[in-house]
Amino acid sequence: MQTNPFVAATPKSESEDTTAVIIEGVDKHFGKVQALRDLSARIQYGRLTGLVGPDGAGKTTLMRILTGLLVPNAGHVTLAGYDVVRDNDAIHVASGYMPQRFGLYEDLTVMENMRLYAQLRGMDTNRNADLFDELLDFTRLGPFTKRLAGKLSGGMKQKLGLACALMARPKVLLLDEPGVGVDPVSRQDLWRMVQALTDEGMAVVWSTAYLDEAERCESVLLLNKGQLLFDGPPQELTAQLEGRSFRLEDVGSERRAVLTEALNLPTVSDGVIQGAGVRIVLRDGAQVKQIQALADKAKVRLTAVPARFEDAFIDLLGGGPGGTSALAERLSPVELGSDIAVSCRNLTKRFGDFTATDNVTFEVRKGEVFGLLGPNGAGKSTTFKMLCGLLKPSHGEAQVVGHDLRLATGEAKSRLGYMAQKFSLYSMLSVRQNLEFSAGVYQLNSYTRRKRIEEMIDTFVLSDWLSAAPDSLPLGLKQRLALACALMHRPPVLFLDEPTSGVDPITRREFWTHINGLARKGVTIMVTTHFMDEAEYCDRVAMLYRARLIALDTPDALKRLAANANRPDPTMEDAFIHLVESADREMESAE
Amino acid sequence: MLTFTLSFTRLRAQFIKEVLLVLRDPRSRMVVFVPPILQLLVFAFAATLEVSNVDIAVYNQDAGRWSHELVQRLDSSRFISHVRHVDSQRQLHELIDRGEVIAALAIPMDFSRTIAAGESGRAQVLVDGRRSNSGQITVAYLSTIAAEVAAEVTPDAQVSIPVLVRHWFNPNLVYRWFIVPGLAGILALFSALLITSLSIARERELGTFDQLLVSPTSTSEIIISKSLPALAIGTLLGLFMVSAGVFLFGIPFTGSFGLLLASLVLFILSVVGIGLMISAVSMTQQQAILGAFAIGVPAVLMSGFATPVENMPEVLQWLAQAIPLTHFLIIVEGSFLKAMPPSDILASMWPLAVIALATLTMATVFVRGRLQ
């Protein structure tokens with residue numbers, strides 16, 4: 001392997017100390033919020049270390065302590081031999097930090113950003129032309145040096161951030177959630193670059209909320225609520241789950257009912273839908289008997305599957321939630337005039353000369369869970385907004401329950417429920433006032449209003465929080481409240497815009513339990529997501545890329561497209577990359 | 001199909017929400033409660049065009065009767081707190097340089113002698129040009145005092161005072177009589193403008209605006225529910241300033257209260273329309289606040305509050321007619337001091353009604369336009 005010029009001489013031989021970062025008993029709190037609790041760990045040179053955990057686990061806080069941007073309340077951190085508090089200046093030289101949000105100037109070009117960054121580091125830009133060329137080559141940003149940073153795609157922004165973080169030849173590279181907002185193709189590129197850097201002896205820390213990313217790391221620090229749950233290679237953790245993961249194959253249309261039943265079994269710790277199948281994790285020491293009986297009853301095959309990192313994480317937290325949705329239990333089955341709940345024909349949206357959605361056509365059946373999938377900027381959001389009447393199409397039409405939403409009367413709008421990204425609740429109103437507002441705005445009469453609100457409080461166990469502000473609620477409760485508000489008027493069609501982004505896997509499972517329950521009652525669900533494994537819950541997935549619909553099928557069928565001899569059981573992410581690459585080839589040959 | 005449907009249930013829910021949002025949001029609360037108190041204190045007590053509590057330096061080289069008379073009158077004058085006696089021209093200059101006195105009077109040695117000889121005495125007045133406005137007013141006061149002395153010198157002679165001004169409606173030219181009624185309009189303008197311009201922008205930041213748009217509620221309902229709290233608060237603030245004028249400052253209220261109230265409501269409705277337009281195009285609350293000030297401050301400057309509309313270039317005069325505050329100022333000042341007849345008030349009310357109709361219609365179009 002060629003030597004990498006961005007890495008300063010780092011100790012490589014076995015005799016020298018290979019520890020890059022030593023964290024000892026670190027505590028950090030912000031007011032009453034305990035962000036990190038008595039955390040001790042070591043990070044090695046020449047290794048990719050994953051800092052893994054859901055939002056609010058303390059990942060960013062730890063990153064900022066490592067770079068000397070925050071001072072811990074207790075404990076010590078040593079990075080490359082320097083104490084982060086006492087030798088703060090040395091830390092900035094020894095470490096490269098790429099913050100979560102794009103930390104560069106959007107109104108400067110790629111080159112101007114790099115120059116500015118170099119100058120801030122006190123480097124002579126004229127003498128470092130070689131370094132610039134190497135960095136541009138390494139990040140494949142060479143052709144885009146004159147482009148404004150604000151006009152770059154999510155993936156390219158991350159690469160530019162990486163180039164700048166590498167400028168000072170750091171010994172330790174800290175990347176805060178580099179995978180967020182980056183499509184799977186660019187993500188692979190980032191992995192490749194990080195691999196090259198660790199091969200040269202650099203210590204790289206990659207923080208992530210995606211548990212599937214953790215599996216790619218050589219070592220993992222698993223955080224939850226400020227506490228270190230696990231420190232070591234991910235395989236070590238998943239190995240503990242050996243022989244506990246199973247899949248009920250090809251359950252088909254009954255899979256939601258089967259999942260509910262499985263989750264209610266005392267021997268089952270966790271379960272998710274995977275395409276047409278149901279993936280089950282047994283409790284520690286539990287027998288396979290019960291789940292085998294369930295498989296026999298449903299007349300499906302039960303196969304053992306390798307454990308995943310996510311299984312292990314859920315297991316560490318004591319298993320997932322139960323399978324019955326108290327919410328869906330209370331609903332009566334949905335009656336619709338037609339079998340088609342949502343449809344769009346030749347849907348097109350242009351903003352100036354930019355086409356955000358290009359000629360998209362599909363139909364969604366009643367009771368279907370329909371996913372819209374695509375990288376950022378693919379037109380997912382625009383299409384979604386046209387479907388629920390928030391944007392007017394430039395061309396074509398969209399219908400919900402037989403109503404054209406462009407001419408949407410209150411009547412049509414009252415048939416759909418909508419839950420926006422990051423649960424848009426009124427933070428100035430209390431929990432009860434939020435519920436009352438959504439009941440009022442959907443014109444429920446005072447008797448129904450009172451009854452429904454009580455019902456929602458009961459179903460979602462909100463009674464202890466009624467006068468609290470939504471912002472003070474734990475994430476899981478906040479999500480329940482948002483769902484309660486969206487469902488107050490019992491809509492037959494529910495629109496969910498990235499409903500689980502930034503939510504921990506347990507809360508996400510609870511959410512999907514409700515969604516599955518609703519779908520079984522005949523509620524049609526439209527959902528956008530960038531979690532690839534979440535797409536597995538959908539009956540059908542519409543894949544959008546560069547404003548076009550490039551594929552529409554069941555998750556299993558999409559995965560089969562990407563299957564080959566080396567990859568007999570591809571993941572949704574593999575399927576996505578495969579589809580995007582073939583779409584790119586097609587578009588290129590068309591041009 | 002017409003989307004102008006109103007539902008009482010939906011309106012009620014939204015109205016309660018709006019009121020709670022305005023009262024619970026610290027930013028809105030500040031907009032509502034801080035400016036009235038602050039403006040009341042600042043404008044009514046501090047910002048005044050009258051000159052008072054100033055110091056004057058006197059370098060009196062004359063020992064005669066008339067210079068003595070003049071200095072005594074200065075001493076007893078209400079607008080001067082201290083008369084500083086100095087012994088040299090240099091000290092005089094220093095006091096002015098250091099800003100300790102606003103004006104200085106140098107009386108020459110032959111002052112009394114000249115007057116006794118039947119000629120007119122001359123004294124030098126130095127004024128601090130850095131405070132030109134107050135300086136000029138001080139000079140005017142000093143000339144008055146000099147004229148009084150002159151009248152004593154020749155009591156029989158017809159002292160020629162070129163102009164005798166009699167100020168109608170405000171005979172003593174009490175500055176507050178003019179400023180407080182105007183403040184009622186300005187306060188109501190800014191509170192209504194800020195409350196409404198924050199309203200949609202706030203919901204957009206929270207992400208709840210989309211939620212509102214997908215619900216069956218109509219644009220008209222959104223506009224109405226967002227107008228009402230601003231209307232209520234703006235009207236109350238306007239009335240608060242009016243009563244402060246009547247009861248605290250004792251300004252004679254001579255017009256019709258009913259007509260004033262009706263014009264206040266029309267005035268605020270027209271401002272609410274402008275505020276909602278700003279809010280509809282703002283992506284963040286910060287933009288909304290900047291937008292409100294970018295519109296509000298020029299509106300106040302052009303309304304005739306600071307400078308008469310008639311003195312502006314013709315184009316700006318036309319523009320001033322489109323500013324609701326211009327018309328409201330005429331009404332509120334007329335109601336206080338002039339006992340303005342109802343016909344005159346109505347003449348200023350109908351433009352307010354037209355502006356209100358126009359801005360509210362445009363606000364509806366703007367809000368609906370966000371759906372494009």
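Which residue just after helix 11 of chain A takes a positive phi? Keep that in mind as we set out.

This is a predicted model, in which local features need pLDDT of at least 70 and side-chain atom pairs count only at pLDDT 80 or more, while totals for chains, interfaces and linings use all residues. Residues are numbered from 1 along each chain as its sequence is written, with chains lettered from A and ligands numbered from 1 in the order in which they are written.

**Stop one.** Select residues 309-316 of chain A, which form helix 11. Helices (H or I, at least four residues) and strands (E, at least two) are DSSP runs, numbered from the N terminus. Seven of the eight residues here are buried, so the helix is largely enclosed by the rest of the structure. Among them are Phe309(A), Phe313(A) and Ile314(A). Buried means 20 or more other C-beta atoms within 10 Å of a residue's own, exposed 12 or fewer, and partly exposed in between, with C-beta atoms placed from the backbone. Now select Gly318(A), the answer to the opening question: its phi is about 95 degrees.

**Stop two.** Pick Pro266(A), in the loop between helix 9 (255-263) and strand 12 (268-274) of chain A. Pro266(A) is exposed, with 8 other C-beta atoms within 10 Å.

**Stop three.** Show both chains: 27 residues of chain A are in contact (C-beta atoms, placed from the backbone, within 7 Å) with 27 residues of chain B. Select helix 15 of chain A, which gives the most to the side touching chain B, with five residues.

Terms used: Contact = placed C-beta atoms within 7 Å.
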